[in-house]
Structure formats: C-alpha cells, structure tokens
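Visitor: Could you walk me through this one? I'm new to it.

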Amino acid sequence: MSTASPAQVARRRLYWPLLLPALVVYVGLLIVPALYGVYISLTTWTGRGEAPQFIGLGNYIRLWRDALFRQAFTNTLLILAICGVGIFTLTFIFSAVFREVRWGRAALSLMFFPYLLSAIAVGIALSLLLSPDGPLNAGLRGLGLGSWARMWLTPDYIFKVIVVGIVWVSVGYYLTLMMSAIGRIPRYYYEAADLDGAGRLRTFFNVTLPLTWDVLTVSVVLWCINSIKIFEFIYGITGSGDAPAPEARTLTIAQFLATTGGRNPQYQLGLGSAMGVIMVILISLFVIGVRRLMRRDSLEF
C-alpha cells in the first residue's frame with residue numbers, strides 16, 4: 001500500500017480551504033437563484049407583495065396550450081437553424097476568400113464592426129432604414145424600382161427581416177473566431193495542397209476545416225446559446241413600447257412580455273420563470289447534442 005508524500009498531503013489539506021470561498025460564491029450567486037427560479041416556475045406570483053402560490057406544473061401546461069408561446073418557441077428554433085446555416089455558410093466562404101487576399105483583414109474588421117455596436121441600437125437603426133418612407137424604399141423608388149418597395153416591418157416580412165439582420169450582425173463575430181484559428185495553421189500545409197493541385201474548396205475541406213474543428217465546435221456551441229438568448233436586436237427592430245407581432249416573437253420576447261414588458265406589464269413572474277427553465281433546458285440539450293455530434297480527436301500541427 002503506497003503512502004502519500006508530504007507534498008501530496010499538504011496539497012490535500014489546502015484543497016478545501018482554497019476551494020471553499022469560490023464554491024460558496026458559486027452556490028450562493030448561481031445555484032441557489034437558479035433553484036429558486038425553478039421553484040417560482042411552479043407558482044403563480046406577481047412579485048408585488050403577495051407570496052407565491054404553488055400550482056405545480058400549471059404554468060408549463062398553460063404554455064403548452066398557448067398558441068402564441070408555441071409560435072415563439074418555433075421562431076426561436078427557426079432562428080437557431082436558419083441563421084446558423086446562413087452564418088456558418090458565409091463564415092466558410094469568407095474565410096476561404098479572406099485568407100487569399102491582401103485586404104482580408106480590413107474586410108474582416110468591417111464585418112465585425114456591427115457586432116461591436118449596441119444590439120438594440122442596430123435594431124432601431126434597421127427599423128428606421130426599413131420604415132415605409134425610409135432610405136431603402138426611397139432609394140428603390142429613386143432608381144425606378146418602386147415595385148420592389150415593401151412594408152418591411154409588417155407581419156408578412158418581419159421574420160425574414162429579423163433573420164437577415166441577425167445573420168448580418170453575427171457573421172463577423174464567428175468569422176473572426178475562424179480566421180484566428182486559420183491564422184495558426186502553418187503555411188506549408190496550404191503550399192502542399194497547392195502542389196497537389198487542390199482547389200480552394202478541396203483545400204478548405206481537407207486542410208482548413210480539420211485543423212480548425214475545435215474552434216468550429218466552440219463557435220457552434222456559442223451560436224446555440226446566443227441564438228436562444230437574442231432579445232435586444234429583435235426588440236429594437238420591432239419594439240415601439242408595445243408588444244411585437246407574434247411573427248416576431250421569440251422565447252425571450254415572450255418572457256419579457258409575460259413579466260415586465262409592453263405598455264401594460266403582466267407581472268406573471270411564475271410564467272416567466274417557467275419560460276426561463278424551458279430556455280435553460282433547450283440550451284443544455286443543444287449544447288450537449290452539438291458536443292456529442294462534433295466530437296472528434298483533435299489534430300495537432
């Protein structure tokens with residue numbers, strides 16, 4: 001039977017004294033509020049003086065039967081899927097192009113710039129651009145293309161506008177992550193691919209993608225989290241102090257309107273907490289699923 005060395009004994013003695021302060025802060029500021037939020041989701045509560053009243057799964061059953069919530073849930077999943085495909089398709093295309101051109105870094109900086117701005121400010125700016133008499137429609141009419149002018153912010157088009165806007169705002173961030181990984185790939189890999197006669201597409205799939213797979217996995221995980229949490233941009237492009245149209249609502253918008261949002265807040269904090277629990281479960285499922293699907297041995301270079 002082996003005995004621990006004095007150094008190992010000393011480390012064991014220091015383990016809990018060093019870990020305990022961080023553990024107390026973590027449990028007190030994260031775990032306890034999260035568990036309390038789960039409890040509130042099982043109650044009806046306005047948060048204005050009266051105590052929460054336990055109703056079990058009543059809030060979840062109500063959400064299941066609510067057509068507006070189901071549409072918000074569906075819109076969230078569509079944003080995750082459609083915008084995700086658009087973002088990473090453009091990321092792959094631009095990363096292949098920017099690697100070859102001198103002005104790639106300057107273009108990357110311009111594409112990243114919208115992500116640096118306040119999301120709600122960008123949303124408001126786009127709503128002004130796309131208003132009925134805004135610059136876009138005015139420009140189309142000035143070019144003799146008045147038939148192309150649309151009421152872009154009406155329920156018929158608002159979700160499409162949101163999808164395009166999210167892709168435009170977000171692609172620069174994920175492209176920056178990919179380009180930082182591509183920049184670490186030794187040049188001789190690409191020189192060898194050129195000598196073998198590989199084109200850009202083949203080089204991307206045989207060299208760039210395998211050697212940046214870890215960063216791509218992290219990027220997809222981040223997108224799964226960020227897509228479900230999107231709020232400010234959507235509210236900025238649709239909000240006027242009132243409730244956005246159902247076609248523009250996501251889980252975060254629905255939660256906001258159920259609690260303290262809109263012209264006449266509902267203060268249904270139990271219902272809003274139930275939506276929060278659903279979002280946490282949804283994020284967890286997607287993150288775990290992505291990590292499992294994209295798991296592979298890392299390549300070293």
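Visitor: At roughly what angle do the axes of helix H3 and helix H10 cross?

Guide: This is a predicted model, where local features need pLDDT of at least 70, side-chain atom pairs count only at pLDDT 80 or more, and totals for chains, interfaces and linings use all residues. Residues are numbered from 1 along each chain as its sequence is written, and side-chain values use heavy atoms, with hydrogens and water left out. The axes of H3 (residues 67-98) and H10 (residues 213-229) cross at roughly 145° and come within 10 Å; axes are lines fitted to C-alpha atoms over the stretch in contact, with angles from 0 to 180 degrees between N-to-C directions. Helices are DSSP runs (H or I, at least four residues), and strands are E runs of at least two, numbered from the N terminus.

Visitor: Which residues of H3 and H10 meet there?

Guide: Among them, Leu80 and Phe88 in H3 meet residues of H10 that include Trp223, with contact meaning heavy atoms within 4.5 Å.

Visitor: How many helices and strands does the protein chain have?

Guide: The chain comes to 13 helices and two strands, and its C-alpha trace spans about 90 × 70 × 30 Å along the principal axes.

Visitor: New topic: what lines the largest cavity?

Guide: Its lining is Ala96, Arg99, Glu100, Arg200, Thr203, Phe204 and Thr208, where a cavity is a set of points on a 1 Å grid over the protein atoms alone at which a 1.4 Å probe fits but cannot get out, and lining residues have an atom within 4 Å of a point. Helix H9 (residues 200-211) gives the most, with four residues.

Visitor: How much space lies in the largest cavity?

Guide: About 50 Å³, the volume being the space filled by probe spheres set on the points, which are joined across faces, edges and corners.

Note on methods
On a 1 Å grid over the protein atoms alone, a cavity is a set of points where a 1.4 Å probe fits but cannot get out, and a pocket is an open set with protein on both sides within 12 Å along at least five of seven lines; lining residues have an atom within 4 Å of a point.
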